[in-house]
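Good morning. Today I will go through how two chains meet, and I will keep to what can be read off the model. Please have a look at it before we start.

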There are 2 protein chains.
Amino acid sequence: MTASDPFIDRLARARAAAKRLATATTAQKHAALEAIAAGIEGAIPRIVAANAEDLERGRANGIGDGLLDRLRLDEARLRGLAAAVREVVALPDPIGQVVRGSTLPNGITINQVRVPFGVVGAIYEARPNVTVDIVALALKSGNGAVLRGGSAAERSNEVLVALIQEAISRAGLDGDAVQTIDEFGREGAGRLMRARGYVDVLIPRGSAGLISTVVQESTVPVIETGSGIVHVYVDASAEAEMAVGIVTNAKTHRPSVCNAAETLLVHREAAPRLLPALAAALRGSGVELYADAAARELLPDAGAVAADEETWATEHLALEMGVRIVDSLDEAIAHIERYSTRHTEAIVTQDYANAERFLAEVDSAVVMVNASTRFTDGGEFGFGAEVGISTQKLHARGPMGLPELTSTKWLVRGSGQIR
Amino acid sequence: MTASDPFIDRLARARAAAKRLATATTAQKHAALEAIAAGIEGAIPRIVAANAEDLERGRANGIGDGLLDRLRLDEARLRGLAAAVREVVALPDPIGQVVRGSTLPNGITINQVRVPFGVVGAIYEARPNVTVDIVALALKSGNGAVLRGGSAAERSNEVLVALIQEAISRAGLDGDAVQTIDEFGREGAGRLMRARGYVDVLIPRGSAGLISTVVQESTVPVIETGSGIVHVYVDASAEAEMAVGIVTNAKTHRPSVCNAAETLLVHREAAPRLLPALAAALRGSGVELYADAAARELLPDAGAVAADEETWATEHLALEMGVRIVDSLDEAIAHIERYSTRHTEAIVTQDYANAERFLAEVDSAVVMVNASTRFTDGGEFGFGAEVGISTQKLHARGPMGLPELTSTKWLVRGSGQIR
């Protein structure tokens, strides 16, 4: 890592610019965000043209329709991105917030205040919208950003990053605070994961495979987000209408996202009463069921596929759901303990003691009683922004708001005190 | 990693026991802590005998006096350890504390509550007292503990862990919550660093080399503590008596700990007025000075050693101090930016604007005006316990109390809400 290494030079520039950004006022940061929003709106044809190159290369390389759709930037999506940047402007600035403080017996005052991390690294795939999202959240929280957006979106990201750098400079801050390392390829991604001293935290966004690679290989601290094998357990005492409403909503409201339910557990006593109605509602919404033998017995007419071990360990992200009959709350909790990714789990019950036991014993970021798992969301929780949903236990757990993109430091003011 | 792997079996037992510990009441945990304290007091001859074996082997292996002293457990130290365990009993239990909460517009209530991490791993060297310290803090915060205490203290730790396991079981909790992996040697330490899914967080304690190895090799999240290249900057306007008091206290009050000052920066304008008195006071306390050329010119009589690049990058942990003259506050901040380990830095000044700039621009866990750096301490900050001082930016920064050994989860209570 010498000074003439172009990769390290890129990171060092982000770091130096981020240092200045750390003490920028909220008004200055808002001016930069507004310039970015306006910059996107003013460059729609240029961005769409660059994106068309990525799409064409993607088609030539035979990438799937889902990936192509995530890759696509059209005018409507770009206007949506600009609007999202302006929504970040509307959020409270976490920097400088006093978390706690006191006056010590010797008269020294101590204040723990929020400060930026410094530089946030992001590794993601084929989602050029993430470039804008991450930059907006990083800037608002006073952080620089180093982006590795993947080869599939390379041209789109190149144009977006240039536009973002210009906009930040135009607003009087240092455009170097945002850098892309896409041209360093896979090797660059590997180096970013080991860039301690240059990058303070790394956020992977994308497939479970990408996140797992970053977690395993990174020596920079990682905030792990995303994957959700989410369970809904329908207890013996569950009310039929509520159970059907919650399970159907949790599975079908938006099946492609991490807080959508993947596995339905039903108490054996409740199964004859509830499972037929649950299955009918799910199938009515187009959900394919993978059920264990006991569940299939209660659903003889409708050809549920036999569940296997893989059923319980799969995040379908589609209109598919595992169904299992359990003998007890204990068995439900044990199933969750074994297969959950610790994102969100819900119980539907009218039994107070079982509700409290489920809340106490299930070890997931969000544990719910009688509500749809779709409520695990920064917007729904009132945080205003979608920074992601942390499935790790350090630093942040569950929906993250802007404050989760900050660190703290202690300010100590004395008048000559010694020990 | 098969079920018959004795290493994994050890970790799995800690994990299962920790799961039960997570919902133990404060009273149950206090009974276990009291049993540990009493167990230590009741086994002093046995522990001292085991420790004597470690000391003898250490001497035979030619380890230094400092290390031998850290390794030694005598009756007074063991009674001190028991007393420290009882001090942990007196601290508030962080588990179940509600961090924040609200009622959403749809009537759902959300509460973010503190929960244990699960299993805390600790890697340390030749300090058997850490075994007891870590276990007490882990238990109080509802966590299991997997300990790698190093070969030098293996016999002492073996006896202590057996005694701790018995004490926990005697108090009605599961003694398996505490495990040692010392018999798996270096390979065990390496496996512990990659034991994602079994260990939730890893705390290294010891030399800078050990901490750096753990940070670089671990895929389990690490809380980095410890090393402190701590600076005191004496500004142009500093008051003489205050500067001498703070600098001397920061350097000499307890030179072997991480919050002791290592480098003195003096503004050029203040140097002729203050440096002779500062140097006289430091030397009067036995401090050897490594000074740059400008400082040596002001101290012609007293043979300060010439400072070099290494001076500024060294954590002496002894009665040695680097001294450098700087032209400005900017130069002081730049020096700190380059050499600091981001633990604690202090300015001594009567200038309001400089004080506020130093607080805002210096990026360390604790930044001080007109106070001794020795105040960076959990006890001094009112946290009651010494969990360590985090020098990282994620999760915890600065002095850590028991709440920093916890994660959180969100409890969501609804009445059938869907999106």
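Which strand of chain B does S16(A) pair with, and is the pairing parallel or antiparallel? The partner is strand S13 of chain B, residues 366-371, and the two run in the parallel sense over 5 bridges. To find one of these bridges on screen, go to Arg413(A), whose partner in S13(B) is Val369(B). Keep in mind that this is a predicted model.

Now the contact as a whole. On each side, 68 residues take part: 68 of chain A are in contact with 68 of chain B. Together the chains bury about 5,800 Å², and 53% of that lies on carbon and sulfur atoms. On chain A, Leu394(A), Trp410(A) and Arg419(A) supply 15% of the area buried against chain B, more than any other three residues.

Next, the polar side of things. There are 45 residue pairs in polar contact between chain A and chain B. Several elements of chain A each supply at least two residues to the side that touches chain B, among them helix H1 (6-21), helix H10 (240-252) and strand S13 (366-371). S16(A) gives the most, with 11 residues. By type, this side of chain A divides into 30 nonpolar, 20 polar and 18 charged residues.

What about salt bridges? Across the interface of chain A and chain B there are 12. One to look at is Arg419(B) with Glu380(A), where the closest N and O atoms are 3.2 Å apart.

That is the interface.

Technical notes: Residues numbered from 1 in each chain as written. Chains lettered and ligands numbered in written order. Predicted model: local features only at pLDDT ≥ 70, side-chain atom pairs only at ≥ 80, totals over all residues. Heavy atoms only, no water. Contact = heavy atoms within 4.5 Å. Buried area = accessible area lost by both parts, 1.4 Å probe. Salt bridge = Lys/Arg side-chain N within 4 Å of Asp/Glu carboxyl O. Polar contact = N/O pair within 3.5 Å; in protein donor to acceptor, adjacent residues only side chain to side chain. Helix = DSSP H or I, 4+ residues; strand = E, 2+ residues; numbered from the N terminus. Nonpolar A, V, L, I, M, F, W, Y, C, P; charged D, E, K, R; others polar. Pairing = 2+ DSSP bridges.
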